[in-house]
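Thanks for coming. I will take a few minutes to go through one model and its charged pairs.

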Amino acid sequence: MQKIIILDFGSQTTQLIGRRVRELGTFCEILPYDKFPSDDPDIIGVILSGSPLSVYAQDAFRPDLSGIIGKYPVLGICYGAQLLSYTYGGKVESAGTREYGRASLSYVNEDCPLFKFIAKDSQVWMSHGDSITAIPDGYRLVASTPSVKYAAFECETAPVWGVQFHPEVEHTLIGRQLLQNFVIDICGSRREWTADSFIEKTVAELREQLGDDKVVLGLSGGVDSSVAAVLLNKAIGSNLNCIFVNHGLLRKDEFENVMRDYRGLGLNVKGVDASERFFEDLKGVSEPERKRKIIGADFIKVFDAEASAIPGVKWLAQGTIYPDRIESKNITGKVIKSHHNVGGLPETMKLRLCEPLKWLFKDEVREVGRRLGMPHMLIERHPFPGPGLAVRIIGDITPEKVATLQEADAIFIDALREWKLYDKVWQAGVILLADRSVGVMGDERTFESAVALRAVTSTDAMTADWADLPREFLSKVSNDIINKVKGVNRVCYDISSKPPATIEWE
Ligand code: XMP
């Protein structure tokens with residue numbers, strides 16, 4: 001299948017470039033800047049990403065581009081454009097102050113194929129501390145903004161373009177058109193990448209790879225493991241054995257509801273209620289990392305025991321998705337991995353790993369799920385952490401606290417659905433705080449728990465903003481929680497963004 005290679009120089013928006021290319025029906029791979037696969041016949045073009053570095057700095061990333069330039073169409077974005085300019089004899093200098101925000105493009109060269117159908121004075125988004133002050137010989141200027149002369153340029157002798165702005169972000173209103181011009185017209189993508197083609201190809205590959213082997217998969221109720229299961233079910237039917245462990249820290253009625261959905265999808269699934277064991281092992285433990293470790297270890301033990309009881313299992317399937325696997329090198333050269341997992345694969349299981357969603361971004365997983373006919377409730381649900389409500393109870397965990405939190409959480413989530421706000425936020429939940437405070441109920445003084453509501457908007461959970469929910473909505477949820485949930489007399493709304501806060505409180 002045709003593909004675009006995106007070389008990653010460490011920008012925060014590299015994954016966004018990947019998603020935009022996929023939205024154009026074109027497969028792409030994001031690779032570290034120095035890992036260009038020289039012998040892949042499917043490559044039709046290359047994009048060089050942005051970076052927090054200065055291209056002239058001693059430790060900047062400056063890979064050898066000679067195997068790329070002239071061989072494939074190349075689009076350099078921000079640092080990528082600066083790298084092209086710097087490498088071939090242009091000049092890049094500090095802009096003095098960082099230019100950040102909207103700017104308006106004007107053209108010098110109107111025939112540039114990268115700018116086909118893009119009107120004059122289009123809005124673009126800039127975010128850079130360095131500027132290109134001269135382009136190499138053999139390159140020509142294409143577009144400028146009032147403060148950036150070389151906002152876009154092209155090579156006269158090879159299919160190479162550079163843009164100082166970021167076409168991948170929403171604020172660049174012409175970004176989609178520009179990327180479409182590059183990927184479809186210039187690189188010649190046949191738009192082979194669709195949810196249907198992915199399903200067809202993956203089901204055929206899974207049949208080939210797995211034959212009559214048995215596979216075990218741990219379901220979590222989340223989107224990724226559920227879609228992986230339905231895809232595998234389509235490929236190998238009852239040879240897929242799903243296990244859904246209830247650690248007692250799920251949302252209210254979640255275990256029963258999700259089991260019902262799974263059975264409705266025809267999955268061969270076993271539900272295991274291990275709540276008591278988890279509660280027992282968590283008794284008296286307040287330290288967040290220890291709670292996580294206990295849950296992870298218990299989960300593996302329960303899962304391992306169940307999986308081992310299935311005769312002849314050879315494979316462990318997981319719902320790993322592409323962002324979990326993308327390796328980015330940060331400015332210190334260390335590999336960043338930002339992915340939480342409930343636990344690792346126990347060495348003793350000696351199972352081979354099957355990851356059918358390993359090439360998909362989250363929105364693609366959802367689209368595949370929709371095309372597989374999965375219910376809206378399973379596909380559009382918010383992310384939920386593997387250790388469940390344990391990371392939303394500050395201090396030690398007891399079944400009573402979990403029950404209290406489940407009630408408050410259900411009121412919040414049901415209200416979000418009722419007010420049609422659920423799909424507008426990335427993730428929402430309630431946190432049960434450790435301290436109690438004084439309140440008054442009727443004529444009685446109370447001394448009860450406080451809860452915090454958390455709702456955020458985000459695109460990938462790496463950064464997030466608190467959701468600006470309507471005042472009337474928050475007021476109704478607060479009243480309902482205080483009136484209906486025994487033991488809670490105070491409701492707060494968390495208005496911290498990530499960073500510096502995180503989504504979960506722990
Ligand atoms: P934070 O709190 O780090 O969360 O901003 C980012 C995203 O990851 C989820 N999360 C987890 N998911 N196991 C998971 O499967 C975990 O241990 C875990 N901790 C946090 C969190 O809900 C948010 O979506």
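I will start with the domains and then turn to the salt bridges.

This is a predicted model, where local features need pLDDT of at least 70, side-chain atom pairs count only at pLDDT 80 or more, and totals for chains, interfaces and linings use all residues. Residues are numbered from 1 along each chain as its sequence is written, and side-chain values use heavy atoms, with hydrogens and water left out.

The chain is assigned domain 1 (3-186), domain 2 (195-379) and domain 3 (398-493); such bounds come from an automatic or database domain assignment. Taken over C-alpha atoms, the centres of domain 1 and domain 3 are 44 Å apart.

Now the charges. How many salt bridges are there? The count is 31, where a salt bridge is a side-chain nitrogen of Lys or Arg within 4 Å of a carboxyl oxygen of Asp or Glu.

One of them joins lysine 3 and glutamate 29, at 2.8 Å from N to O. Lysine 3 is in strand β1 and glutamate 29 in strand β2, 26 residues apart; strands are DSSP runs (E, at least two residues), and helices are runs of H or I, at least four, both numbered from the N terminus. Lysine 3 is buried at 11% relative accessibility, and glutamate 29 is buried at 12%. Buried means under 20% relative accessible area, exposed over 50%, and partly exposed in between, with a 1.4 Å probe and protein chains only.

Next, glutamate 154 pairs with arginine 140 at 2.9 Å between the closest N and O atoms. Glutamate 154 is buried at 5%, whereas arginine 140 is partly exposed at 36%.
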